[in-house]
Structure formats: structure tokens, C-alpha cells
Amino acid sequence: MAWFHFGMSRRPFGFVADAESYFPAATHEAARHDLAAAFDRGEGVALLDGPGGVGKTLTVLSWLGRLPAEVPRAWVSNVHAAMPADLLQAILFDLNLPYQGLGEQELRLAVTATLLDSVQAGRPTVLVIDEAQNLTPAALE
């Protein structure tokens with residue numbers, strides 16, 4: 001299709017969220033502002049909730065792109081974690097840390113140590129769990 005015919009330089013809707021496609025609608029900007037405020041206040045958890053397809057993932061990607069580069073972050077997307085170890089492995093993987101061959105307690109300690117080190121260094125880690133509804137209660141706990 002000739003997207004340029006419609007004034008577009010590329011395909012508008014891909015299979016994954018693209019931060020360059022972010023449109024600053026009022027609701028998205030309000031959500032991004034709320035995320036930034038929660039981060040600035042040092043809140044441990046912030047929830048962005050809404051129906052599928054409204055732009056939650058794109059809004060979070062846009063907010064992450066505005067964080068200073070030195071803020072560590074992990075993006076866990078579409079994880080179907082039945083067990084806590086599954087989620088812990090996904091977090092360590094995204095942080096570029098060893099995650100294979102570790103038991104659940106070792107995984108938990110590795111994630112905890114990483115997060116505590118980050119806070120002590122003055123750069124709390126941002127952990128985004130996209131599609132968290134796919135987690136079991138055991139994994140989410």
C-alpha cells in the first residue's frame with residue numbers, strides 16, 4: 001500500500017508498539033504525567049489499566065523514553081508466568097543478568113539484590129510488566 005498517499009511515511013499500525021508512533025492525546029498525556037509523578041514520588045507500584053487497544057503500551061514506552069538513560073529498566077512483555085521463577089527469570093533476562101540454572105530462591109535473591117543495589121546507587125529500577133493479567137496469582141505475589 002502507498003502510505004505516502006495518506007501523508008504517511010510508513011505503515012501506521014505494526015505488530016508491536018512503536019514509541020515513534022505516539023500521539024499525545026489528552027488521556028495518554030494524563031497517564032504519562034501520572035506515571036512520571038508516581039516515579040518522582042518514589043512510589044513502589046503504579047498501575048496503568050484500561051481496555052485493550054487504547055494505547056497503554058505505547059504510553060509507557062513514550063514515558064520510558066523520557067527517563068534519563070542511567071535509570072535502569074526492565075520490560076517484561078507478554079509473559080505467561082505460571083510460577084514465580086518464570087517471572088523472575090524474565091526480569092533477570094531483560095536486565096542482562098544471569099537467569100539460567102538458578103533455583104527459585106536464587107532467582108528471587110538475584111532480583112532483590114539488583115533492585116536494592118539500584119536504589120542504593122540512587123537510581124531505582126523501573127520494572128514494567130506489560131500484559132500483567134497473564135500472570136498467575138503466585139507469580140504476581
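A search of the whole structure, which is a predicted model, finds two aromatic pairs, where rings of Phe, Tyr and Trp (its six-membered ring) pair if their centres lie within 6.5 Å, and planes under 30 degrees apart count as stacked, over 60 as edge-to-face and the rest as tilted. A pair of aromatic rings is described by the distance of the centres and the angle of the planes, and the table follows that description.

| Pair | Centre to centre | Angle between planes | Class |
|---|---|---|---|
| Phe39 and Trp63 | 5.9 Å | 70° | edge-to-face |
| Phe93 and Tyr99 | 5.4 Å | 90° | edge-to-face |

Phe39 belongs to helix H1 (residues 26–40) and Trp63 to helix H2 (residues 56–65), so this pair ties together parts that are 24 residues apart in sequence. Helices here (H or I, at least four residues) and strands (E, at least two) are DSSP runs, numbered from the N terminus. With buried meaning under 20% relative accessible area, exposed over 50% and partly exposed in between (1.4 Å probe, protein chains only), Trp63 is buried at 9%, whereas Phe39 is partly exposed at 25%. In the other pair, Phe93 counts as exposed at 51% relative accessibility, while Tyr99 is partly exposed at 24%.

Residues are numbered from 1 along each chain as its sequence is written. In this predicted model, local features need pLDDT of at least 70 and side-chain atom pairs count only at pLDDT 80 or more, while totals for chains, interfaces and linings use all residues, and side-chain values use heavy atoms, with hydrogens and water left out.

**Overall organisation**

The chain has five helices and two strands, arranged along the sequence in the pattern α-α-β-α-α-β-α. Of its 141 residues, 25% count as buried, and the chain exposes about 9,600 Å², of which carbon and sulfur atoms supply 59%; these accessible areas come from the Shrake-Rupley method with a 1.4 Å probe, and for residues only the protein chains shown count as cover. Taking contact to mean heavy atoms within 4.5 Å, residues 24 or more positions apart account for 56% of the contacts in the chain with a separation of 6 or more.

**Cores and helix H2**

A nonpolar core is a set of buried Ala, Val, Leu, Ile, Met, Phe, Trp, Tyr and Cys residues joined through side-chain atoms within 4.5 Å. The largest one has 14 residues, and those with the most contacts inside it are Val79, Ala81, Leu87, Ile91 and Leu135. Strand S1 (73–77), helix H3 (84–94) and H4 are the elements that give two or more residues to this core, and its largest share, five residues, comes from H3. Apart from this core lies another, of eight residues, including Val60, Leu64, Leu67 and Val128.

In H2, the buried residues are Leu58, Thr59, Val60, Ser62, Trp63 and Leu64, and what covers them includes H1, S1 and S2.

**The loop at Thr125**

Thr125 sits in the loop between helix H4 (104–120) and strand S2 (126–130), and Thr125 is buried, with a relative accessible area of 18%. The side chain of Thr125 makes a polar contact with the side chain of Ser118 at 3.0 Å. A polar contact is a pair of N or O atoms within 3.5 Å; within protein, one must be able to donate a hydrogen and the other to accept it, and residues adjacent in sequence count only if both atoms are side-chain atoms. Beyond its neighbours within four places in sequence, Thr125 is in contact with Pro72, Arg73, Leu95, Leu115 and Ser118.
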